[in-house]
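Please keep the structure in view while reading.

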Amino acid sequence: MAKDKSIYVCSECGGTSAKWLGKCPSCGAWNTLIEQAAGSANAPANNRFGTQFASLAGASELAVLSEIEASDVARTPTGLDELDRVLGGGVVAGGVTLIGGDPGIGKSTLLLQAVDALQRAGQNALYVTGEESGAQVALRSKRLGLDHSQVQVLAEIQLEKIIATLDATRPAIAVIDSIQTVYSDQLTSAPGSVAQVRECAAHLTRFAKTSGTAVVLVGHVTKEGALAGPRVLEHMVDTVLYFEGDTHSSFRLVRAIKNRFGAVNEIGVFAMTERGLKGVANPSAIFLSQHTEPVPGSVVLVTLEGTRPMLVEIQALVDDGGPSPRRLSVGLDRDRLAMLLAVLHRHAGVACMDQDVFVNAVGGVRISEPAADLAVMLAITSSLRGKPLPKGFIAFGEVGLAGEVRPAPRGQERLREAAKLGYSIAVVPRANAPRKGTKDIEGLTIHAVDRIEEAMDVVRELE
(Lines give C-alpha, C1' and ligand atoms only; values in the text may rest on other atoms or scores of the structure.)
Protein backbone atom coordinates (compact mmCIF):
# COMPACT_ATOMS: atom_id res chain seq x y z
CA MET A 1 0.00 0.00 0.00
CA ALA A 2 1.39 3.44 -0.96
CA LYS A 3 2.62 5.62 1.86
CA ASP A 4 0.61 8.76 2.58
CA LYS A 5 2.14 12.01 1.34
CA SER A 6 1.34 13.81 4.58
CA ILE A 7 1.00 13.10 8.26
CA TYR A 8 -0.54 15.03 11.13
CA VAL A 9 1.74 15.95 14.02
CA CYS A 10 0.66 17.17 17.45
CA SER A 11 2.18 20.54 18.28
CA GLU A 12 2.07 19.70 22.01
CA CYS A 13 3.62 16.22 22.30
CA GLY A 14 4.91 15.42 18.79
CA GLY A 15 2.63 12.44 18.35
CA THR A 16 1.55 11.56 14.81
CA SER A 17 -1.63 10.42 13.12
CA ALA A 18 -2.35 9.29 9.56
CA LYS A 19 -5.48 11.49 9.42
CA TRP A 20 -6.70 14.64 11.09
CA LEU A 21 -8.42 14.21 14.44
CA GLY A 22 -9.89 16.79 16.75
CA LYS A 23 -8.18 15.18 19.75
CA CYS A 24 -4.56 14.01 19.78
CA PRO A 25 -4.50 10.22 20.38
CA SER A 26 -1.20 10.51 22.28
CA CYS A 27 -1.68 13.32 24.80
CA GLY A 28 -5.39 14.11 24.50
CA ALA A 29 -4.94 17.79 23.56
CA TRP A 30 -7.62 19.31 21.36
CA ASN A 31 -7.04 20.96 17.95
CA THR A 32 -3.26 20.49 18.00
CA LEU A 33 -2.80 18.17 14.98
CA ILE A 34 -1.09 20.06 12.13
CA GLU A 35 -0.47 18.63 8.67
CA GLN A 36 3.17 18.14 7.64
CA ALA A 37 4.93 16.48 4.75
CA ALA A 38 5.72 12.83 5.43
CA GLY A 39 9.37 11.75 5.61
CA SER A 40 11.02 9.06 3.54
CA ALA A 41 10.20 5.40 4.03
CA ASN A 42 13.29 4.94 6.22
CA ALA A 43 12.60 7.98 8.41
CA PRO A 44 10.93 7.44 11.77
CA ALA A 45 7.26 8.34 11.89
CA ASN A 46 7.66 10.82 14.72
CA ASN A 47 10.50 12.81 13.12
CA ARG A 48 8.79 16.20 13.30
CA PHE A 49 11.55 18.28 11.75
CA GLY A 50 13.38 15.91 9.40
CA THR A 51 11.57 16.92 6.22
CA GLN A 52 10.74 20.58 6.74
CA PHE A 53 13.94 22.01 8.15
CA ALA A 54 16.79 19.73 7.14
CA SER A 55 19.89 21.60 5.98
CA LEU A 56 18.24 25.02 6.01
CA ALA A 57 21.55 26.66 6.82
CA GLY A 58 23.82 24.10 5.19
CA ALA A 59 26.06 21.56 6.91
CA SER A 60 29.68 22.21 7.87
CA GLU A 61 32.49 20.51 9.75
CA LEU A 62 33.21 21.13 13.42
CA ALA A 63 35.34 24.25 13.87
CA VAL A 64 36.66 26.43 16.69
CA LEU A 65 34.98 29.85 16.73
CA SER A 66 38.23 31.83 17.00
CA GLU A 67 39.66 30.02 13.96
CA ILE A 68 36.71 30.76 11.66
CA GLU A 69 37.45 33.57 9.22
CA ALA A 70 34.92 36.36 9.71
CA SER A 71 34.50 38.10 6.37
CA ASP A 72 32.10 40.86 5.46
CA VAL A 73 29.02 39.83 3.52
CA ALA A 74 29.04 41.01 -0.08
CA ARG A 75 26.04 43.16 -0.95
CA THR A 76 24.43 44.18 -4.20
CA PRO A 77 22.74 47.63 -4.10
CA THR A 78 19.16 47.62 -5.36
CA GLY A 79 19.36 51.14 -6.77
CA LEU A 80 16.80 52.38 -4.21
CA ASP A 81 18.79 54.14 -1.49
CA GLU A 82 16.10 53.94 1.19
CA LEU A 83 15.57 50.20 0.60
CA ASP A 84 19.33 49.63 0.72
CA ARG A 85 19.44 51.47 4.05
CA VAL A 86 16.82 49.13 5.54
CA LEU A 87 18.51 46.01 4.15
CA GLY A 88 21.86 47.10 5.59
CA GLY A 89 23.48 48.11 2.30
CA GLY A 90 21.88 45.92 -0.34
CA VAL A 91 20.83 42.39 -1.26
CA VAL A 92 22.90 39.50 0.12
CA ALA A 93 23.50 36.42 -2.05
CA GLY A 94 21.61 33.48 -0.56
CA GLY A 95 19.73 35.73 1.85
CA VAL A 96 15.99 35.30 2.42
CA THR A 97 13.89 38.42 3.07
CA LEU A 98 10.27 38.48 4.21
CA ILE A 99 8.32 41.69 3.59
CA GLY A 100 4.80 42.25 4.88
CA GLY A 101 2.25 45.03 4.91
CA ASP A 102 -1.40 45.96 4.46
CA PRO A 103 -3.06 45.26 1.09
CA GLY A 104 -2.41 48.02 -1.45
CA ILE A 105 0.34 49.71 0.54
CA GLY A 106 2.97 49.22 -2.17
CA LYS A 107 4.85 45.95 -1.54
CA SER A 108 4.62 44.66 -5.11
CA THR A 109 5.33 48.13 -6.52
CA LEU A 110 8.52 48.53 -4.50
CA LEU A 111 9.80 45.04 -5.30
CA LEU A 112 9.08 45.41 -9.02
CA GLN A 113 11.09 48.65 -9.03
CA ALA A 114 13.92 46.94 -7.13
CA VAL A 115 14.19 43.87 -9.39
CA ASP A 116 14.03 46.07 -12.49
CA ALA A 117 16.91 48.20 -11.16
CA LEU A 118 18.92 45.05 -10.39
CA GLN A 119 18.19 43.64 -13.86
CA ARG A 120 19.40 46.88 -15.47
CA ALA A 121 22.56 46.61 -13.33
CA GLY A 122 23.32 43.21 -14.85
CA GLN A 123 21.75 40.97 -12.18
CA ASN A 124 19.42 38.28 -13.51
CA ALA A 125 16.03 38.74 -11.77
CA LEU A 126 12.91 36.57 -11.61
CA TYR A 127 9.49 37.77 -10.43
CA VAL A 128 7.11 34.94 -9.45
CA THR A 129 3.54 36.17 -9.17
CA GLY A 130 0.84 34.04 -7.62
CA GLU A 131 -1.82 36.73 -7.18
CA GLU A 132 -1.69 38.41 -10.59
CA SER A 133 -1.26 37.37 -14.20
CA GLY A 134 1.78 38.27 -16.25
CA ALA A 135 -0.31 40.87 -18.10
CA GLN A 136 -1.21 42.61 -14.84
CA VAL A 137 2.45 42.76 -13.81
CA ALA A 138 3.33 44.17 -17.24
CA LEU A 139 0.59 46.80 -16.88
CA ARG A 140 2.00 47.87 -13.50
CA SER A 141 5.49 48.00 -14.99
CA LYS A 142 4.22 50.27 -17.76
CA ARG A 143 2.47 52.48 -15.22
CA LEU A 144 5.71 52.84 -13.27
CA GLY A 145 7.61 53.89 -16.37
CA LEU A 146 9.82 50.78 -16.44
CA ASP A 147 10.13 50.73 -20.23
CA HIS A 148 11.64 47.67 -21.92
CA SER A 149 12.09 45.86 -18.62
CA GLN A 150 13.97 42.56 -18.99
CA VAL A 151 12.79 41.06 -15.69
CA GLN A 152 11.59 37.48 -16.15
CA VAL A 153 8.05 36.87 -14.90
CA LEU A 154 6.55 33.51 -13.89
CA ALA A 155 2.85 33.23 -13.04
CA GLU A 156 2.84 30.04 -10.96
CA ILE A 157 1.75 28.90 -7.49
CA GLN A 158 2.95 25.28 -7.40
CA LEU A 159 6.12 25.01 -5.32
CA GLU A 160 7.72 22.18 -7.30
CA LYS A 161 7.41 24.07 -10.60
CA ILE A 162 8.77 27.26 -9.02
CA ILE A 163 11.79 25.40 -7.59
CA ALA A 164 12.43 23.72 -10.96
CA THR A 165 12.35 27.09 -12.76
CA LEU A 166 14.66 28.65 -10.18
CA ASP A 167 17.06 25.72 -10.47
CA ALA A 168 17.11 25.98 -14.28
CA THR A 169 17.56 29.77 -14.50
CA ARG A 170 19.58 30.42 -11.29
CA PRO A 171 18.66 34.13 -11.00
CA ALA A 172 20.59 36.48 -8.71
CA ILE A 173 17.31 37.50 -7.02
CA ALA A 174 13.86 35.94 -7.01
CA VAL A 175 10.66 37.52 -5.66
CA ILE A 176 7.79 35.27 -4.56
CA ASP A 177 4.57 37.32 -4.47
CA SER A 178 3.15 36.00 -2.23
CA ILE A 179 4.14 33.04 -0.04
CA GLN A 180 0.50 32.55 1.03
CA THR A 181 -0.51 31.63 -2.53
CA VAL A 182 2.17 28.96 -3.03
CA TYR A 183 1.31 25.31 -2.36
CA SER A 184 3.15 22.00 -2.42
CA ASP A 185 1.83 18.75 -3.83
CA GLN A 186 3.20 16.94 -0.79
CA LEU A 187 0.42 18.42 1.34
CA THR A 188 -3.31 18.21 0.87
CA SER A 189 -4.19 21.40 2.77
CA ALA A 190 -5.15 24.60 0.96
CA PRO A 191 -2.65 27.33 0.01
CA GLY A 192 -2.15 29.79 2.85
CA SER A 193 -2.60 27.21 5.62
CA VAL A 194 0.00 26.94 8.36
CA ALA A 195 1.44 23.71 6.97
CA GLN A 196 1.66 24.98 3.37
CA VAL A 197 3.28 28.31 4.31
CA ARG A 198 5.85 26.63 6.54
CA GLU A 199 6.69 23.86 4.06
CA CYS A 200 6.98 26.19 1.04
CA ALA A 201 9.06 28.75 2.92
CA ALA A 202 11.39 26.00 4.17
CA HIS A 203 11.97 24.66 0.64
CA LEU A 204 12.59 28.14 -0.79
CA THR A 205 14.97 28.97 2.07
CA ARG A 206 16.87 25.73 1.51
CA PHE A 207 17.16 26.52 -2.21
CA ALA A 208 18.43 30.05 -1.47
CA LYS A 209 21.15 28.76 0.86
CA THR A 210 22.37 26.07 -1.53
CA SER A 211 22.18 28.07 -4.78
CA GLY A 212 23.17 31.58 -3.66
CA THR A 213 19.99 33.13 -5.06
CA ALA A 214 18.58 35.96 -2.95
CA VAL A 215 14.90 35.19 -2.30
CA VAL A 216 12.31 37.79 -1.29
CA LEU A 217 9.01 36.49 0.10
CA VAL A 218 5.95 38.75 0.20
CA GLY A 219 3.74 37.93 3.17
CA HIS A 220 0.17 38.85 3.99
CA VAL A 221 -0.66 40.45 7.33
CA THR A 222 -3.57 39.86 9.69
CA LYS A 223 -6.05 42.57 10.64
CA GLU A 224 -3.93 43.18 13.77
CA GLY A 225 -0.97 44.02 11.52
CA ALA A 226 1.17 40.93 12.26
CA LEU A 227 2.47 38.66 9.52
CA ALA A 228 -0.02 35.90 8.71
CA GLY A 229 1.06 32.30 9.02
CA PRO A 230 3.25 30.49 11.53
CA ARG A 231 5.67 32.47 13.68
CA VAL A 232 8.44 30.10 12.60
CA LEU A 233 8.29 31.81 9.20
CA GLU A 234 9.95 34.89 10.70
CA HIS A 235 12.57 32.77 12.44
CA MET A 236 13.75 30.86 9.37
CA VAL A 237 14.32 33.93 7.15
CA ASP A 238 17.28 36.31 7.43
CA THR A 239 15.46 39.65 7.22
CA VAL A 240 11.93 40.72 8.11
CA LEU A 241 10.62 44.05 6.78
CA TYR A 242 7.29 45.69 7.59
CA PHE A 243 5.53 48.24 5.41
CA GLU A 244 3.91 50.93 7.56
CA GLY A 245 1.84 54.02 6.86
CA ASP A 246 -1.69 55.00 6.04
CA THR A 247 -2.89 53.94 2.59
CA HIS A 248 -4.59 57.35 2.33
CA SER A 249 -1.25 59.11 2.83
CA SER A 250 1.39 59.45 0.15
CA PHE A 251 4.20 58.44 2.53
CA ARG A 252 5.29 54.91 3.38
CA LEU A 253 7.74 53.58 5.94
CA VAL A 254 9.66 50.33 5.56
CA ARG A 255 10.97 49.10 8.91
CA ALA A 256 13.46 46.29 9.54
CA ILE A 257 12.22 44.12 12.43
CA LYS A 258 14.92 41.48 12.01
CA ASN A 259 18.15 41.59 10.01
CA ARG A 260 20.97 39.08 10.32
CA PHE A 261 23.11 41.21 7.99
CA GLY A 262 22.43 44.71 9.29
CA ALA A 263 20.88 46.93 11.96
CA VAL A 264 17.35 46.31 13.18
CA ASN A 265 14.73 49.05 13.57
CA GLU A 266 16.26 50.84 10.60
CA ILE A 267 13.61 52.59 8.51
CA GLY A 268 13.33 53.76 4.94
CA VAL A 269 10.90 56.52 4.01
CA PHE A 270 9.19 56.56 0.61
CA ALA A 271 6.72 58.82 -1.12
CA MET A 272 4.12 57.23 -3.39
CA THR A 273 4.03 59.00 -6.76
CA GLU A 274 2.56 58.27 -10.18
CA ARG A 275 5.89 56.65 -11.06
CA GLY A 276 6.02 54.42 -8.01
CA LEU A 277 7.79 54.78 -4.69
CA LYS A 278 10.52 57.39 -4.44
CA GLY A 279 12.94 57.65 -1.52
CA VAL A 280 12.67 60.68 0.77
CA ALA A 281 16.13 62.13 1.42
CA ASN A 282 15.07 64.31 4.38
CA PRO A 283 12.31 62.41 6.23
CA SER A 284 12.17 64.95 9.07
CA ALA A 285 10.41 67.37 6.71
CA ILE A 286 7.34 65.14 6.36
CA PHE A 287 6.89 64.64 10.11
CA LEU A 288 6.81 68.36 10.93
CA SER A 289 3.81 70.65 10.49
CA GLN A 290 4.35 74.03 8.88
CA HIS A 291 3.07 76.48 11.50
CA THR A 292 3.51 80.17 10.71
CA GLU A 293 3.56 80.86 14.45
CA PRO A 294 4.09 78.49 17.42
CA VAL A 295 0.86 76.87 18.62
CA PRO A 296 -0.02 75.42 22.04
CA GLY A 297 0.41 71.65 22.43
CA SER A 298 3.13 71.23 19.79
CA VAL A 299 6.64 69.99 20.61
CA VAL A 300 9.31 68.71 18.21
CA LEU A 301 10.95 65.45 19.30
CA VAL A 302 14.29 64.16 18.04
CA THR A 303 13.74 60.41 17.82
CA LEU A 304 16.13 57.70 16.70
CA GLU A 305 15.09 55.12 14.11
CA GLY A 306 17.91 52.62 13.67
CA THR A 307 20.97 54.72 12.91
CA ARG A 308 19.03 57.76 11.71
CA PRO A 309 17.97 60.66 13.97
CA MET A 310 14.65 62.16 12.84
CA LEU A 311 12.59 65.12 13.93
CA VAL A 312 8.93 64.32 14.62
CA GLU A 313 6.26 66.70 15.83
CA ILE A 314 4.30 65.57 18.88
CA GLN A 315 0.90 67.23 19.22
CA ALA A 316 -1.28 67.16 22.33
CA LEU A 317 -4.82 68.42 22.89
CA VAL A 318 -6.20 68.72 26.43
CA ASP A 319 -9.91 69.53 26.64
CA ASP A 320 -12.64 69.50 29.27
CA GLY A 321 -13.83 65.95 29.85
CA GLY A 322 -16.69 64.40 31.72
CA PRO A 323 -16.81 61.97 34.60
CA SER A 324 -14.87 59.46 32.44
CA PRO A 325 -12.12 61.41 30.65
CA ARG A 326 -10.57 59.87 27.53
CA ARG A 327 -6.91 59.10 26.98
CA LEU A 328 -6.14 58.53 23.31
CA SER A 329 -2.76 58.30 21.57
CA VAL A 330 -1.93 57.79 17.89
CA GLY A 331 1.57 56.58 17.10
CA LEU A 332 2.48 56.32 20.82
CA ASP A 333 1.87 53.72 23.53
CA ARG A 334 -1.47 54.38 25.26
CA ASP A 335 -0.42 52.70 28.53
CA ARG A 336 2.70 54.84 28.68
CA LEU A 337 0.56 57.95 28.19
CA ALA A 338 -1.47 57.05 31.29
CA MET A 339 1.77 56.58 33.26
CA LEU A 340 3.15 59.95 32.11
CA LEU A 341 -0.04 61.72 33.17
CA ALA A 342 0.32 60.21 36.65
CA VAL A 343 3.97 61.34 36.88
CA LEU A 344 2.98 64.80 35.64
CA HIS A 345 0.40 65.10 38.41
CA ARG A 346 2.51 63.70 41.22
CA HIS A 347 5.85 65.38 40.53
CA ALA A 348 5.04 68.50 38.49
CA GLY A 349 1.68 69.43 40.00
CA VAL A 350 -0.11 69.38 36.62
CA ALA A 351 -3.48 67.65 37.01
CA CYS A 352 -5.45 66.28 34.05
CA MET A 353 -7.82 64.05 36.02
CA ASP A 354 -10.97 65.67 34.60
CA GLN A 355 -9.53 66.43 31.15
CA ASP A 356 -9.64 64.55 27.86
CA VAL A 357 -6.05 64.05 26.63
CA PHE A 358 -5.26 63.31 22.98
CA VAL A 359 -1.68 62.80 21.76
CA ASN A 360 -0.59 62.34 18.15
CA ALA A 361 2.69 61.76 16.32
CA VAL A 362 2.42 63.73 13.06
CA GLY A 363 2.90 61.94 9.74
CA GLY A 364 1.69 58.47 10.72
CA VAL A 365 5.04 57.48 12.28
CA ARG A 366 5.00 55.06 15.23
CA ILE A 367 7.31 55.90 18.12
CA SER A 368 8.16 53.11 20.53
CA GLU A 369 11.26 54.47 22.28
CA PRO A 370 10.84 55.97 25.78
CA ALA A 371 12.91 59.03 24.79
CA ALA A 372 9.60 60.59 23.66
CA ASP A 373 8.39 60.94 27.29
CA LEU A 374 9.67 64.47 27.94
CA ALA A 375 8.31 65.84 24.65
CA VAL A 376 4.88 64.30 25.31
CA MET A 377 4.69 65.78 28.81
CA LEU A 378 5.75 69.24 27.64
CA ALA A 379 3.17 69.12 24.82
CA ILE A 380 0.39 68.17 27.28
CA THR A 381 1.36 70.98 29.65
CA SER A 382 1.52 73.49 26.80
CA SER A 383 -1.97 72.55 25.60
CA LEU A 384 -3.41 72.60 29.12
CA ARG A 385 -2.05 76.10 29.84
CA GLY A 386 -2.80 77.35 26.33
CA LYS A 387 0.71 78.74 25.89
CA PRO A 388 2.90 77.77 22.94
CA LEU A 389 6.55 76.81 23.32
CA PRO A 390 9.17 79.07 21.70
CA LYS A 391 9.97 78.79 18.03
CA GLY A 392 12.84 76.42 17.31
CA PHE A 393 12.22 74.34 20.47
CA ILE A 394 13.06 70.60 20.68
CA ALA A 395 13.07 68.10 23.54
CA PHE A 396 13.81 64.44 24.22
CA GLY A 397 14.40 62.23 27.26
CA GLU A 398 12.91 59.34 29.19
CA VAL A 399 10.94 60.12 32.36
CA GLY A 400 10.80 57.65 35.25
CA LEU A 401 8.07 57.08 37.82
CA ALA A 402 10.10 59.01 40.39
CA GLY A 403 10.11 62.06 38.12
CA GLU A 404 13.74 61.75 37.04
CA VAL A 405 14.73 62.53 33.43
CA ARG A 406 16.94 59.76 32.09
CA PRO A 407 19.34 60.05 29.15
CA ALA A 408 18.48 58.88 25.65
CA PRO A 409 20.95 56.87 23.57
CA ARG A 410 23.17 58.80 21.12
CA GLY A 411 22.06 62.17 22.40
CA GLN A 412 24.86 64.11 20.67
CA GLU A 413 23.72 62.87 17.25
CA ARG A 414 20.17 63.98 18.02
CA LEU A 415 21.34 67.46 19.02
CA ARG A 416 23.51 67.83 15.91
CA GLU A 417 20.58 66.82 13.69
CA ALA A 418 18.35 69.44 15.35
CA ALA A 419 21.00 72.15 14.98
CA LYS A 420 21.51 71.23 11.32
CA LEU A 421 17.80 71.82 10.67
CA GLY A 422 17.83 75.25 12.33
CA TYR A 423 16.49 74.53 15.84
CA SER A 424 17.89 76.79 18.55
CA ILE A 425 16.51 75.71 21.97
CA ALA A 426 16.74 72.21 23.47
CA VAL A 427 15.60 70.74 26.79
CA VAL A 428 17.43 67.43 27.29
CA PRO A 429 18.59 65.12 30.11
CA ARG A 430 21.74 66.34 31.82
CA ALA A 431 23.68 63.25 30.75
CA ASN A 432 22.99 64.11 27.09
CA ALA A 433 24.30 67.68 27.32
CA PRO A 434 27.79 68.35 25.91
CA ARG A 435 30.39 67.79 28.61
CA LYS A 436 32.85 70.41 29.78
CA GLY A 437 35.83 70.61 27.51
CA THR A 438 33.88 69.39 24.48
CA LYS A 439 32.81 71.58 21.62
CA ASP A 440 29.34 73.09 22.00
CA ILE A 441 26.84 72.58 19.23
CA GLU A 442 26.75 75.79 17.26
CA GLY A 443 23.46 77.69 17.22
CA LEU A 444 21.79 75.50 19.85
CA THR A 445 21.07 76.66 23.41
CA ILE A 446 20.90 73.53 25.57
CA HIS A 447 19.03 73.39 28.89
CA ALA A 448 20.04 70.27 30.83
CA VAL A 449 17.58 68.97 33.45
CA ASP A 450 17.58 66.16 36.01
CA ARG A 451 13.89 66.08 36.90
CA ILE A 452 10.56 66.84 35.27
CA GLU A 453 10.00 69.77 37.68
CA GLU A 454 13.17 71.43 36.36
CA ALA A 455 11.99 70.98 32.78
CA MET A 456 8.68 72.68 33.62
CA ASP A 457 10.50 75.60 35.26
CA VAL A 458 12.75 76.01 32.21
CA VAL A 459 9.73 76.09 29.87
CA ARG A 460 7.96 78.70 32.01
CA GLU A 461 11.04 80.92 31.88
CA LEU A 462 11.21 80.59 28.08
CA GLU A 463 7.58 81.63 27.54
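A crossing of two helices is called left-handed if the near helix is turned anticlockwise from the far one by less than a right angle, and right-handed if clockwise. The model is a predicted one, in which local features need pLDDT of at least 70 and side-chain atom pairs count only at pLDDT 80 or more, while totals for chains, interfaces and linings use all residues. Residues are numbered from 1 along each chain as its sequence is written, and side-chain values use heavy atoms, with hydrogens and water left out.

Helices (H or I, at least four residues) and strands (E, at least two) are DSSP runs, numbered from the N terminus. Two packed helices are described by the angle between their axes and the distance between the axes. Here the axes are lines fitted to C-alpha atoms, for helices over the stretch in contact, and angles run from 0 to 180 degrees between N-to-C directions. The axes of α8 (residues 373–385) and α10 (residues 452–462) come within 11 Å and cross at roughly 50 degrees. The two helices α8 and α10 are therefore oblique to each other, given that angles under 35 degrees count as roughly parallel, over 145 as roughly antiparallel, 65 to 115 as roughly perpendicular and the rest as oblique. Their crossing is right-handed. On the side of α8, the contact (heavy atoms within 4.5 Å) is made by L374, M377, L378, T381 and R385, and on the side of α10 by I452, A455, M456, V459 and R460.

Helix α8 also holds S383. With a relative accessible area of 13%, S383 is buried; the term means under 20%, against exposed over 50% and partly exposed in between (1.4 Å probe, protein chains only). Residues up to four places away in sequence aside, S383 touches P296, G297, A316, L317 and V318.

Most residues other than glycine have a negative phi, and most peptide bonds are trans. N31, in the loop between β2 (16–17) and β3 (33–37), has a positive phi near 55 degrees, and counts as exposed at 60% relative accessibility. R170 has a positive phi near 45 degrees and lies in the loop between α4 (159–169) and β9; at 43% relative accessibility, R170 counts as partly exposed. The peptide bond from D177 to S178 is cis, with omega near 5 degrees, and S178 is placed in the loop between β9 (173–177) and α5 (194–211).

Finally, R414 lies over the face of F396, at 5.5 Å from the ring centre. A charge sits over a ring if NZ of Lys or CZ of Arg is within 6 Å of the ring centre and within 35 degrees of the ring normal.
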